[in-house]
Amino acid sequence: ANAVLADTALSVTVAAGGIYAIELVVHSTSAVKALNMDFAGTATIANFIGEWFCFNNDDFAVTEALRVTSAGTDFGTTAGDGFSPYYTFTGSVEITDAGTFLLRGAQNVSDASNTTILRGSTLVLTQLN
């Protein structure tokens, strides 16, 4: 099950009626396990759209991308060359009821070692209205 990543500062409080641009960058220690990620939180959302990207371990070239129209659509790389620890997401969302908007994550492959979200990972929501 995906764990809420609120304690990593990848959680933002959002206002009702707000339309937000989303910019996410995640760096982790998941080079072998990779991460499956999606968005959740207590806010009620509408008109969610965006695109996930992941990068390979050698030259950070985009290896996979996925356009999504649901915050709960899970994204995890299946790329070869080892699993990527680098992900980005850009998109937008409309908030109908205030609350939190946050990233969730889980290891793509079961592994006893911890996956750490590294310093420099950011979730930025910019209110457009």
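This section describes the fold, strand pairing, core and selected side-chain contacts of a predicted protein model.

Residues are numbered from 1 along each chain as its sequence is written, and side-chain values use heavy atoms, with hydrogens and water left out. Because the model is predicted, local features need pLDDT of at least 70 and side-chain atom pairs count only at pLDDT 80 or more, whereas totals for chains, interfaces and linings use all residues.

The protein contains 0 helices and 10 strands; helices (H or I, at least four residues) and strands (E, at least two) are DSSP runs, numbered from the N terminus. From the N terminus on, the order of elements is β-β-β-β-β-β-β-β-β-β. Of the 129 residues in the protein, 36% are buried, where buried means under 20% relative accessible area, exposed over 50%, and partly exposed in between (1.4 Å probe, protein chains only). The accessible surface comes to about 6300 Å², and carbon and sulfur atoms hold 53% of this area. Accessible areas come from the Shrake-Rupley method with a 1.4 Å probe, and for residues only the protein chains shown count as cover. Among contacts with a separation of 6 or more, 79% are between residues 24 or more positions apart; a contact means heavy atoms within 4.5 Å.

Strand β8 (residues 86-97) runs antiparallel to strand β3 (residues 19-27), to which 9 bridges join it. Two strands are taken to pair if DSSP finds at least two bridges between them. In this pairing, Ile-22 stands opposite Gly-91 of β8. Strand β5 (residues 44-55) is also antiparallel to β8, with 10 bridges between the two. Here Phe-53 has Thr-88 in β8 as its bridge partner. In a regular strand the side chains alternate between the two faces of the sheet.

The largest nonpolar core holds 25 residues, of which Leu-24, Phe-39, Phe-48, Trp-52, Phe-101 and Leu-123 touch the most other members. Such a core is a set of buried Ala, Val, Leu, Ile, Met, Phe, Trp, Tyr and Cys residues joined through side-chain atoms within 4.5 Å. At least two residues of this core come from each of β2 (11-14), β3, β4, β5, β8, β9 and β10 (122-127). When neighbours within four places in sequence are left aside, Leu-24 is in contact with Leu-10, Phe-39, Trp-52, Tyr-87, Thr-88, Phe-89, Leu-103, Thr-122 and Leu-123.

Side chains of opposite charge can pair when their charged atoms come close. The model has 2 salt bridges, each defined as a side-chain nitrogen of Lys or Arg within 4 Å of a carboxyl oxygen of Asp or Glu. One is formed by Asp-38 and Arg-104, whose closest N and O atoms are 2.8 Å apart. Asp-38 belongs to strand β4 (residues 35-40) and Arg-104 to strand β9 (residues 99-107), so this pair ties together parts that are 66 residues apart in sequence. Asp-38 is buried, at 2% relative accessible area, whereas Arg-104 is partly exposed at 25%. The other salt bridge joins the side chains of Arg-67 and Glu-51 (3.6 Å, N to O). This pair links distant parts of the chain, with Arg-67 in strand β6 (residues 62-68) and Glu-51 in strand β5, 16 residues apart. Arg-67 is exposed, at 57% relative accessible area, and Glu-51 is partly exposed at 22%.

Strand β4 also contains Asn-36, which is buried at 16% relative accessibility. The side chain of Asn-36 makes a polar contact with that of Asp-74 (3.4 Å). A polar contact is a pair of N or O atoms within 3.5 Å; within protein, one must be able to donate a hydrogen and the other to accept it, and residues adjacent in sequence count only if both atoms are side-chain atoms.

Two further positions were examined. Gly-17 lies in the loop between β2 and β3 and is partly exposed, at 43% relative accessibility. Neighbours within four places in sequence aside, Gly-17 is in contact with Ile-95 and Asn-129. The C-alpha atoms of Gly-17 and Asn-129 are separated by 8.6 Å, although the two residues are 112 residues apart along the chain. Asn-47, in strand β5, is exposed at 58% relative accessibility. Its phi is near 50 degrees, a positive value in a residue other than glycine. Most residues other than glycine have a negative phi.
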